[in-house]
Amino acid sequence: MHDLVKQLAEHLKFIEDTPVVVAYSGGVDSCVLLSALVELKQSGRMANDLHVCHVNHGLSEFADDWQHHAEQLCHAYQIPFISQRLNLKVENRQSLEAVARDARYQVLGDVATKLKAVVLTGHHLDDQTETFLLALKRGAGVKGLSAMRADVTLHEYALRIIRPLLNVSREQIESYAREKALTWVEDDSNTDTQFDRNFLRQQVIPQLVARWPSITTTIARSTEHCQSAHELLNELAYEDLQQFDNANGSLSQTILERLSDNRINNLLRYWISLRTSI
């Protein structure tokens, strides 16, 4: 069994009784993810019901072709196919990328809720590097620098996402795709470096890797350290909240004044996050 498929099988052990929805864009990463899942399914090493969801953002002149590609592939694999075309509206000062991501998560959340499923995405090690650097550019704290988690629940979308390829490099993914003679689509917007992620992918990260070949792996290790630190801060905030939360859900200013500024700020961030996720 290919190492990539073995790693995927390990993730499925924790959700073996849960239906799976693949977030399929048509790109090489989601194409490889789906192919590996089909390989596990056909060999009897995967018991989960398997579905595919394709979100047509309608942002490219080729968007309908990508949807057709996804539909034809699922027909060949004999996998249930779900698609949703979006009509995005971007207001002033809104990011197109953020609006598209929010709409996509909403669709995936609706599908997952209906099927009582978890969503699998093809995010990989190089995506993690890009996410970390974007957070660093924004001056993010440990939460932002945690980048993407391998298993996360987005309560605002009623959506659980698992990223089983997060420790797999783009090079390994493309190697698997060539080995299996897979076909995929290339998003024409990927060459547009006005988008920050494309700028990092095409101009910044290649230079970093040329200088420090293992940098994507070391950045992934840093994200794990940040994730641990964020979890520890949340544990501390939870303990503080038990002491200082009033019956009506408010925080006592008098009691808060007993804490250090750092601890107050940590508690307030945690308290606000609980209320915004309700």
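## Helix exercises

α5 is mostly covered, with 11 of its 13 residues buried. Keep in mind that this is a predicted model.

**Exercise 1.** Work out which residues of α5 are buried and what they pack against.

*Solution.* Start with the cut-off: buried means under 20% relative accessible area. In α5, that picks out Leu125, Asp126, Asp127, Gln128, Thr129, Glu130, Thr131, Phe132, Leu133, Leu134 and Ala135. Next, look for their partners: the buried residues of α5 pack against α2, α6 (142-145), α7, α8 (196-211) and α9 (215-244).

**Exercise 2.** Check the end-to-end span of α5 against its residue count.

*Solution.* Helix α5 covers residues 125-137, so at 1.5 Å a residue its 13 residues should span 18 Å. The end C-alpha atoms are 19 Å apart, which agrees. Then step past the helix: α5 is followed by Gly139, which has a positive phi, near 75°.

**Exercise 3.** Describe how α2 and α7 pack, from the geometry down to the residues.

*Solution.* First the axes: α2 (residues 28-42) and α7 (residues 170-179) pack at an angle of about 60°, with axes 10 Å apart. That angle makes α2 oblique to α7. Now the handedness: α2 passes α7 in a left-handed crossing.

Then the residues: Val28, Asp29, Val32, Ser35, Ala36 and Glu39 on the α2 side meet Ile173, Glu174, Tyr176 and Ala177 on the α7 side. Sorting the residues of this contact gives six nonpolar, one polar and three charged.

Note on methods. Residues are numbered from 1 along each chain as its sequence is written. This is a predicted model: local features need pLDDT of at least 70, side-chain atom pairs count only at pLDDT 80 or more; totals for chains, interfaces and linings use all residues. Side-chain values use heavy atoms; hydrogens and water are left out. Axes are lines fitted to C-alpha atoms, for helices over the stretch in contact, and angles run from 0 to 180 degrees between N-to-C directions. Helices (H or I, at least four residues) and strands (E, at least two) are DSSP runs, numbered from the N terminus. Angles under 35 degrees count as roughly parallel, over 145 as roughly antiparallel, 65 to 115 as roughly perpendicular and the rest as oblique. A crossing is left-handed if the near helix is turned anticlockwise from the far one by less than a right angle, and right-handed if clockwise. Contact means heavy atoms within 4.5 Å. Ala, Val, Leu, Ile, Met, Phe, Trp, Tyr, Cys and Pro count as nonpolar, Asp, Glu, Lys and Arg as charged, and the others, Gly among them, as polar. The expected span of a helix is 1.5 Å times one less than its number of residues. Buried means under 20% relative accessible area, exposed over 50%, partly exposed in between (1.4 Å probe, protein chains only).
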